[in-house]
Structures are given as C-alpha cells and as structure tokens.
Amino acid sequence: MSKEKSRSNKQDELAARALKEADVLLLVTGAGFSADSGLAVYNDIGKVEAYQQRNLDYSDVCQPRWLDMEPELFYGFWGQCFNDYRETKPHEGYQILRRWRDDKVVNANNPIAEELRSRIQNKYHLQRPFDDDGYETAGLLTPYKVDHEDPNQIASSFFAFTSNVDAHHYDVFEAHEIHDCHGNIDLWQCSNRDCNTGIWRAPLDHKFEVDKETMLAPEQKEADDSSPNEVEDVEKEGSSNDKVGSDDSGPAKVGHVKASGEERSNLLQYMPPGLDKKGWKDIGPLGNWPRCGHCESLARPAILMFGDGGIHFDVAQCERWEIWEEALMDMVKLKSKKEGVKLKVCILEIGCGLNVPTCRDLSETTVQQVARLGGDPTLIRINPIYPGVPRVLSKDHTIPIRSKGLEAIRRIDQVYKSL
C-alpha cells in the first residue's frame, strides 16, 4: 500500500470516529458538494460559447443589472440555472449525511440534542424572528413559516450551512435546520425596490424556455401547435429545453450538466408551503418571465449576486441560524465551566473553495470559538484541491482530506458503519 493511500485511509478513519463521537454536527457545504450531482462549480458555470463570444464570465453574468439592461440575458442565465437545478437529482451523499444527522437528532439517545433544543426554544421566547401579527408581518420576513412552538421544528444537534443556491438541501434536511447564506433558486422576489413585498416560492410546475445557443430567454414561450406525433418526434430528436442528462463534453456548466438524468423524486419535500400566494403572478402557460403579483414588476431570484444591493434575505432563516449558533456556544461554555465537560462539535466541510470563502471562513471561525470556550471541535475539510487549513488552527482539531465530496463520504461511511 502506498504512503498516500495509507494516509487517506487514516484520515477517513479519523473522520469517521470524529463524526461518530460528536455531540453536535455542523454541515458546511459549497459548490464542490453540488458538483457530485453533476452541477457546475464556480470556475466553470459560465463557460458557454454564448458568453465567451460576448467576453462575459460568471461574475459578469451573475449581476442584477441585466434585468434592466437585457432581461433576455438575465432570464437566460437564471432560467437555465433554475431548470438545471430543478431537474438534477441530488447525489447519494445527501442520504448518507441524513443518516449521520439522524444519529445525532433522532436515533441516538442524545441528551445534548434535547438540551440544545430546549435552550433554543427559550431564546425564541425572548427573541422571535417574527410576531404573530398576521400574514403581513411574517410575509415580509420569510417565504414560509416555521413554528417555533413545535419542538419538532427546532434544530438541535445538527445544522446545515450552505452557500449553494440549488435548494437541494430541502430534498433531504428539515427547513428549520438549513441556512442557505446566499439564498436559493426556488425563492423569488420583486425587482422593484418600492414594492413592499417579501420572498415567495416559485411554482413547482414552472420551467423556463431558454435558447441554449444564445443563452437568451424570450418573454413569451412559443405556442406548441404540434400534433401529438410531431411532439413525440421532436422529443426524440432533442431540443434546447430537454430534461437534464449527462454531458461528457468537458466540465459541467450552465445548461450542460453532467447529471444521471434520474428524476428528482423528493423535490423540496422539506420546504414548507409558501406564505405569499400572490407573490408569483400567474403568467399563463406561455409566460416565461416571472412577475410580481403585487405590482407586476419583473421578478428575480432571492439570491445574492455580484453588485447586488436589492436582495431580500430570509430574515427568519437568518435568525434561526444565529440563535442556533448562539445557543451552541452558550452550551459549550456552560458544559466546560460548570461541568468540566468538553462538548464535541464536528464541523464537516465539503467542497468549499477559495473564490467565495464564506463557508471556509465560517468553519475556521467556529473551530476557534468552540475551542476558546472550552469545547472540543474537529474540522473535517474535504476538498480535492484546497484541503489545507490555516496554521492558527491546531492540528489536533483538523482533519484535511484531499478528495471529491461524494468519494470521501462513501469511504468515511464504510468506516463509520463499522464503529
């Protein structure tokens, strides 16, 4: 066995043991995690010919200004992203992570989970994300409601923090234990800053029409006057709006994912129903550009873009994350000072790169905070290119694994199940 293979096996074993023994699991995911489903990573998503001909890269296209300057381009990009994400099935690693999550929250007799949940519920009684003043108040702050009076809707010994905007976490994890820090493709908002509305869910049956050669989306879809036989022939030949399947010509990019083609059978099963039923205007079967149902202005994804000063953040979700983080740190400190117990907190970071280092920064800050308050943190950093950790973090608290996410999860799970 080579030294590299031996080291890999050792790191996998250390990671499995850290996951098994942890009192609390914080999952932190970036674009590399979605790449295992066949979706594009930051460096490749905008590398399509239509953009290259116009000297545009991802950071150029991913800007809200296009909605005013050239809505065809804006909806071409975001519409194709919407289609790609909606039609791509999350990879099997999500289900493995769900099982590890359940070991902390459901299956194990874990008193830490109940104690943390109780501590969070007490904080909600003092600091509610929104009042019970009715739909108007709640609708401005969140696209859906999480009932904080229900213990089953309060996070405990697991939380998922992600910079991914594909909303795949909602197929697997509970909405009250997810924080998508940049928003997600299934939540939309009005582009008119004078429109006093919040965030809405996109309809489950919507699909954008995009010309993949030009990456432009028309305002209206073409009427389909074909006979049933003609439609069947077109589907056999393929079109720019076919369902997502594998594309072996280079890395994944918008409109050209490398997915299995399997149906996304659990689509958003854990995302609660939307509160604002009027937000997404009914634009009819031929409508392609979504509009606000309150003022009829064009709608945009509630996703943080480059040069973006108009995004609506899900305030209630942000506060759920902040309260969970605050309660965790309170508990780490209490266990250390009053009971002499080092709470074991495992931060499992997968596929977080350096282009937008939000997730890496969070992981490293969490390790430092937990250690400073007397806890026992472990950062498992899985990345095929940048698994390294800064020198300020003790080697005793870090397990770097140079690997793609799904490959590492599978290997670690084999060890995990044997412990």
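Trainee: Which residue stands opposite arginine 381 in strand 9?
Mentor: Proline 400 does. Before we go on: this is a predicted model, where local features need pLDDT of at least 70, side-chain atom pairs count only at pLDDT 80 or more, and totals for chains, interfaces and linings use all residues. Residues are numbered from 1 along each chain as its sequence is written, and side-chain values use heavy atoms, with hydrogens and water left out.

Trainee: How many bridges join strand 8 to strand 9?
Mentor: Four, and the two strands run parallel. Strand 8 covers residues 376–382. Strands here are DSSP E runs of at least two residues, helices are H or I runs of at least four, and both are numbered from the N terminus. Two strands pair if DSSP finds at least two bridges between them.

Trainee: What is the strand order in that sheet?
Mentor: The order is 3-2-1-7-8-9, six strands in an open sheet with parallel pairing. Strand 3 (178–180) and strand 9 (398–401) are at the edges. Each has a single partner strand, so one side of each lacks a neighbour in the sheet. On average, neighbouring strands are turned by 15 degrees against each other, direction ignored. Such angles run from 0 to 180 degrees between N-to-C directions, with axes fitted to C-alpha atoms, for helices over the stretch in contact.

Trainee: And the three strands in the other open sheet, what order are they in?
Mentor: That one reads 5-4-6, with antiparallel pairing. Strands 5 and 6 are the edges, each with a single partner, so one side of each has no neighbour in the sheet. The twist averages 50 degrees from one strand to the next.

Trainee: Is strand 4 largely enclosed or open, and why?
Mentor: Enclosed, because eight of the eight residues of strand 4 (residues 183–190) are buried. Buried means under 20% relative accessible area, exposed over 50%, and partly exposed in between (1.4 Å probe, protein chains only). Helix 6 (residues 71–87) also lies across strand 4 and strand 6, at about 135 degrees to strand 4.

Trainee: New topic. Where is isoleucine 311?
Mentor: In the loop between strand 6 (299–303) and helix 11 (315–339). Isoleucine 311 is buried, at 14% relative accessible area.

Trainee: What is isoleucine 311 in contact with, leaving aside neighbours within four places in sequence?
Mentor: His182, Gln189, Arg300, Ala302, Ile303 and Leu304. Contact means heavy atoms within 4.5 Å. Isoleucine 311 and serine 191 are 120 residues apart in sequence, and 8.6 Å apart in space, C-alpha to C-alpha.

Trainee: Now leucine 354. Buried or partly exposed?
Mentor: Partly exposed, at 46% relative accessible area. Leucine 354 is in the loop between strand 7 (344–350) and helix 12 (358–372).

Trainee: Last one, the whole chain. How many helices and strands?
Mentor: There are 13 helices and nine strands. Of its 419 residues, 53% count as buried.
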